[in-house]
Amino acid sequence: MARTMPEQRGIKQLKRSDLVAEEIKRLITERNLNPGDKLPREIELQQQFEVSKGTIREALKSLEVQGLVKISTGPSGGGTIAEVPLNRTLQFMQNYLFFQDVTIDHIYTVRQMLEPELAASAVPHLTEEHFHALEHSISCCDPTQSAEDLLSQRREDVHFHDILAAASPNPFLRFTCEIINEMIRELIVYGNRTPLSEHRRFGEVNADFHRDILNAARARDADEVRRLMSEHMRDAAASVKRMKGRIQGRLILDTEATRRPVATKKSAGTARAKPLPSTTTRKKPTP
């Protein structure tokens, strides 16, 4: 039996393709579909919702723009469920924040509240693969050990926090902290007059904090990890302010999304900082 379109309420009426897109979302939920699963063929969706081929394709295109579906062509083509990437979510958020007066202080105020709890929650779930990835991250971000440029070192500072986030059992807390990390990675820049020696000193302090946090985590001391991370976040906020960090006032483009995957059991030991395109050499992210 064909599913009927939901009753349209309120002043604003959705387009038919938008209503179909909502029904496809409902179908995904009802059938418990996961990333990689196929949607019914276009002809089946047409019959189920009693709409034209053009309406189905417009609905699928809308879901593709949202990042929920991948569309392929050919005999075996159609819609495939996709997991929305974090950088796409950041884009949507930044479109909203573009018209808000968000400052570095706002971001670090929230970060100081959440990051210690996230790190503490991760402690019981950290594996040897996570520990190996954390150690590798420290070696990459410490100016006294790393041969990477300072920009890559600062990006690796943030990756240390991504690895901890990957082990947190709280998906909403993990998501929120990863979004903050991505904002720091992509949107924070410093004044051109900040000396390299200041960035180097910042990196050395960060690496020291990371080592202490790693040691406490290996000892499975969640309270000590929470305390150290809280101190680390206060110090980072003060350092960013001293180095005149600011939010760059522009939107992130698709071509500029440079997020790396966080550590998993298969990749924890091989994560490294990616070099940035030459067009972004003035951007200096910080943890």
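1. Counting a disulfide as a pair of cysteine sulfur atoms within 2.5 Å, the structure comes to zero disulfides. The sulfur of Cys 140 has its closest cysteine sulfur in Cys 141, at 7.7 Å, which is too far for a bond. Cys 140 is buried, at 6% relative accessibility, and Cys 177 is buried as well, with a relative accessible area of 2%; here buried means under 20% relative accessible area, exposed over 50%, and partly exposed in between, with a 1.4 Å probe and protein chains only.

2. The model is a predicted one, in which local features need pLDDT of at least 70 and side-chain atom pairs count only at pLDDT 80 or more, whereas totals for chains, interfaces and linings use all residues. Residues are numbered from 1 along each chain as its sequence is written, and side-chain values use heavy atoms, with hydrogens and water left out.

3. A search of the whole structure finds 19 salt bridges, each being a side-chain nitrogen of Lys or Arg within 4 Å of a carboxyl oxygen of Asp or Glu. One of them joins the side chains of Glu 58 and Lys 15 at 2.8 Å, N to O. This pair links distant parts of the chain, 43 residues apart, with Glu 58 in helix α3 (residues 53-66) and Lys 15 in the segment before α1 (16-30); helices are DSSP runs of H or I with at least four residues, numbered from the N terminus. Glu 58 is partly exposed, with a relative accessible area of 37%.

4. Arg 226 and Glu 117 meet through their side chains in a salt bridge of 2.9 Å, N to O. Arg 226 lies in helix α10 (residues 222-242) and Glu 117 in helix α5 (residues 104-122), so the pair ties together parts that are 109 residues apart in sequence. Arg 226 is partly exposed at 29% relative accessibility, and Glu 117 is partly exposed at 37%.

5. Within helix α9 (residues 196-218), Arg 200 and Glu 204 are four residues apart, about one helical turn, and their side chains form a salt bridge of 3.4 Å, N to O. Arg 200 counts as partly exposed at 37% relative accessibility, and Glu 204 is partly exposed with a relative accessible area of 28%.

6. His 130 belongs to helix α6 (residues 128-141) and is buried, with a relative accessible area of 9%.

Technical notes: Helices (H or I, at least four residues) and strands (E, at least two) are DSSP runs, numbered from the N terminus.
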